[in-house]
Amino acid sequence: MTMSTSRPKTLRLETLWNPPADGKEFSYVLRLKNLGTEPLSNFSLCVSGPGRVDPAGRVEGATVSQRLSNFTEFQPPANFILGAGETWTISVYALSWQFRHWTDGATSGYLALADGSTIVLTIEPTRSSVSNAPLKRGAEIYPVPVNAPVQVSIIPWPNHVAVASRRPLPAGFAPQAQSAAGEAAARGFAALVEHLFAVEGIVRSEAEGAVPVALKDAAGLGPEAYRLSFEDETITIEASSQTGFLYGLVTLGQIWRGARLHPEVFQFPASGEIVDEPSMGWRGLHLDVARQFYGAAEVKKLLAVLAWNKLNRFHWHLSDDEAWRVEIDAYPDLTAVGAWRGHGLAVPPLLGSSPARTGGYYTKAAIREIVAHAKSFGVEIVPEIDVPGHCYAMLQAIPELRDPAEVGSYYSVQGFPDNCINPAREKTYEIIETILLELIELFPFKTIHLGADEVPLGAWSGSPEALERLRSVAGDEVADAHAKRLNVVTNTHGADDIHGSGAAILQAEFLNRVQRFLASKGCITGGWEEAAHGDVIDKSKSYLCSWRNVEVSAELAERGYEIVVCPGQVYYLDMALRPDWDEPGASWAGTSDAEKLYNFDPIGGWTASQKQKLLGIQACIWSEPMTDRAVFDRLVFPRLSALAETGWTKPSSKSWERFRALAGLMPLLYGLQQS
Ligand code: TNX
């Protein structure tokens with residue numbers, strides 16, 4: 001149980017990163033200052049943030065009494081008293097990886113007292129001894145220039161633009177539908193602009209001066225295509241589907257906003273046409289809601305932002321080691337236990353969460369509403385439950401997913417022990433299939449992502465049930481070798497490559513069976529690239545998100561997998577914009593600013609036959625560093641729009657200069673700009 005939590009102003013935690021220099025090793029220094037008048041005793045210090053203290057490494061000034069991934073509890077020396085005005089200094093000389101950015105260090109800290117209560121500390125972002133630069137937060141805005149290279153403002157840039165002359169700006173628009181698809185699009189568009197730009201009144205009545213926009217069915221156009229034409233005061237959108245009409249309206253809305261907000265730069269055309277359709281079918285965004293929780297209101301606004309960028313897939317990462325976020329009727333503990341972190345709970349306050357119970361989950365009612373909302377914005381949702389690895393929270397809620405006779409430990413790359421559900425147990429399949437049936441019922445797109453990433457090399461090496469299964473499918477030699485991995489610490493410098501290992505064979509057993517189950521329910525299975533281990537999933541009923549690099553993507557396409565390209569170096573939006581300390585985010589995969597992302601070719605070096613396997617591209621938001629919503633806006637925008645243009649616009653029509661001139665008009669999620 002969580003006990004009371006207080007937050008006095010008199011206790012302060014400062015953290016400092018000293019990079020290695022002049023032959024000296026690095027250190028991470030934590031200083032607890034007692035600025036009050038009372039001495040403090042009988043306490044321990046708990047911190048969390050993306051960076052991880054190595055429990056086996058040297059620590060001065062304290063001992064590490066608990067560590068789970070990035071959550072660390074430090075004990076002071078015996079009988080320690082922190083007197084008024086005094087400072088307790090802890091120096092850590094071993095970390096899972098060296099810090100590079102200001103968001104790497106502790107983002108929350110508290111004291112745990114002997115009676116179970118906690119004291120929340122005032123905490124400043126970690127400083128680096130070699131950088132005094134002000135820390136960056138908020139989106140980097142590209143101001144609209146005085147002279148833009150184009151006269152109409154549209155992102156992603158359409159594939160055929162032939163508009164001319166200028167007419168007085170309409171006050172707004174009144175779409176006039178002639179079919180159910182047109183009507184649905186008009187309603188979706190009204191909701192969209194209400195979400196994003198309510199005060200502007202883009203959709204309004206003729207009584208308020210709106211110009212009518214005729215929505216006409218045109219059977220010959222593709223499923224996301226539209227033709228927008230301007231002629232003698234008449235505006236017409238032709239399309240063959242709801243999404244086509246919606247995209248035509250979005251283009252019209254964007255042109256209107258440019259001309260209204262920057263009348264000296266952009267025009268509203270009086271004649272001509274825009275004929276447009278996307279070059280890639282899958283233009284997505286992945287959001288990790290496990291590491292940090294995003295409420296339904298945030299998800300809905302994000303979906304509106306996707307639609308304004310003509311992005312059409314939302315990959316919703318609903319579970320991970322740190323939390324389980326979706327209501328499942330058959331297993332209420334998944335959310336009762338797995339959706340919350342806090343001091344003394346099954347999952348401690350990881351990644352900057354507070355000692356008080358924090359987190360949350362989506363009820364089925366909330367999910368249905370979000371799915372319907374997404375549909376009206378032309379966005380299909382792919383839910384992900386990440387199995388068989390990344391299951392620490394799930395295992396806290398449903399211990400039957402583990403072999404009861406399992407001994408020893410293995411660790412994931414993020415420092416979670418024994419975080420994989422057991423592929424050799426019948427019970428595992430019973431539970432997973434029950435969960436999947438509930439998910440299938442919630443998500444009509446009938447595509448379910450099973451994760452399958454980053455299973456540790458030593459997974460299940462202490463499970464008699466798993467070893468027996470391995471022995472029967474791969475023989476004694478493989479099983480004996482796998483048993484020897486028990487308690488061997490791996491994953492210390494990036495995720496293990498488990499190709500060909502016992503862990504990969506057991507994972508393949510699991511995926512083969514679960515993928516067949518999903519297919520029997522008419523579903524496509526998604527997976528991260530590791531789901532290809534053993535080549536066991538049916539390539540005609542699955543797709544992979546390939547994250548290492550474009551060479552891996554090409555190789556998987558060559559092997560016949562359908563591919564969504566999302567290389568960490570450029571499309572992981574938790575990667576920092578630049579390598580500097582003052583930039584938030586991570587950089588284990590690389591750094592890329594909006595220009596680099598814009599110019600990146602996701603299918604560089606692919607052969608024509610490999611290109612046949614391209615579904616499209618997506619950006620991935622992993623949430624470890626996103627404690628602060630101004631960090632979210634900085635990392636996601638305008639890079640998301642740069643990705644959207646890569647997915648939509650033909651390479652020959654792309655132009656960074658034009659994109660930069662228009663990007664400032666695109667919405668942010670929280671509206672937090674760099675000051
Ligand atoms: C890798 S690549 C992960 C995630 C982390 C992310 C951080 C992959 C499928 N998994 O678990 O959040 O790196 O950048």
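Tutor: The shell around the ligand divides into six nonpolar, two polar and five charged residues. Here Ala, Val, Leu, Ile, Met, Phe, Trp, Tyr, Cys and Pro count as nonpolar; Asp, Glu, Lys and Arg count as charged; the others, Gly among them, count as polar. The model is predicted: local features need pLDDT of at least 70, side-chain atom pairs count only at pLDDT 80 or more, and totals for chains, interfaces and linings use all residues. Residues are numbered from 1 along each chain as its sequence is written, and side-chain values use heavy atoms, with hydrogens and water left out.

Which residues come nearest? Of the 13 residues around the ligand, they are R291, Y572, D574, W588 and E624. A residue is near a molecule or strand if one of its heavy atoms lies within 4 Å of it.

Now the polar contacts. A polar contact is a pair of N or O atoms within 3.5 Å; within protein, one must be able to donate a hydrogen and the other to accept it, and residues adjacent in sequence count only if both atoms are side-chain atoms. R291 places a polar side-chain atom 2.8 Å from a ligand oxygen. For D574, a side-chain N or O atom is 2.6 Å from an oxygen atom of the ligand. W588 also has a side-chain N or O atom 2.8 Å from a ligand oxygen. On its own, the ligand has 370 Å² of accessible area, and the protein covers 97% of that. Accessible areas come from the Shrake-Rupley method with a 1.4 Å probe; for residues, only the protein chains shown count as cover.

Next, the record. UniProt lists E454 for "active site", in an unreviewed entry. UniProt positions are given in the numbering used here, feature names are shortened, and annotations may be inferred rather than shown by experiment. E454 sits in the loop between strand 28 (447-451) and helix 8 (464-474). Helices (H or I, at least four residues) and strands (E, at least two) are DSSP runs, numbered from the N terminus. Why does E454 count as buried? Its relative accessible area is 15%. Buried means under 20% relative accessible area, exposed over 50%, and partly exposed in between (1.4 Å probe, protein chains only).

Where do these residues fall along the chain? The domain assignment gives domain 1 (4-128), domain 2 (160-276) and domain 3 (282-648). Such bounds come from an automatic or database domain assignment. The centres of domain 1 and domain 2, taken over C-alpha atoms, are 55 Å apart.

Other buried side chains make contacts with the backbone. Q507 lies in helix 10 (residues 502-520). Q507 is buried, at 1% relative accessibility. Its side chain reaches the backbone oxygen of E530 at 3.2 Å. S542 belongs to strand 30 (residues 542-546), and is buried at 4% relative accessibility. A polar atom of the S542 side chain lies 2.8 Å from the backbone oxygen of D538.

Helix 16 (residues 639-648) is largely enclosed by the rest of the structure, because 10 of its 10 residues are buried. Among them are R639, E645 and W648.

K310 has phi near 55 degrees, positive in a residue other than glycine. K310 lies between helix 3 (296-308) and strand 22 (313-317), and is buried at 0% relative accessibility. L351, also not a glycine, has a positive phi near 50 degrees. The loop of L351 runs between strand 25 (340-341) and strand 26 (358-359). L351 is buried too, at 1% relative accessibility.

Then the cis peptide bonds. One runs from V387 to P388, with omega near -5 degrees; P388 is in the loop between strand 27 (380-387) and helix 6 (392-397). Another joins I155 and P156, with omega about -5 degrees. P156 lies in the loop between strand 14 (127-128) and strand 15 (161-164).

Finally, residues 153-276. UniProt places "domain: Beta-hexosaminidase bacterial type N-terminal" there, again from an unreviewed entry. The span is 31% helix and 27% strand, and its end C-alpha atoms lie 15 Å apart. Q178 is in the loop between strand 16 (173-177) and helix 1 (180-197). Q178 is exposed, at 54% relative accessibility.
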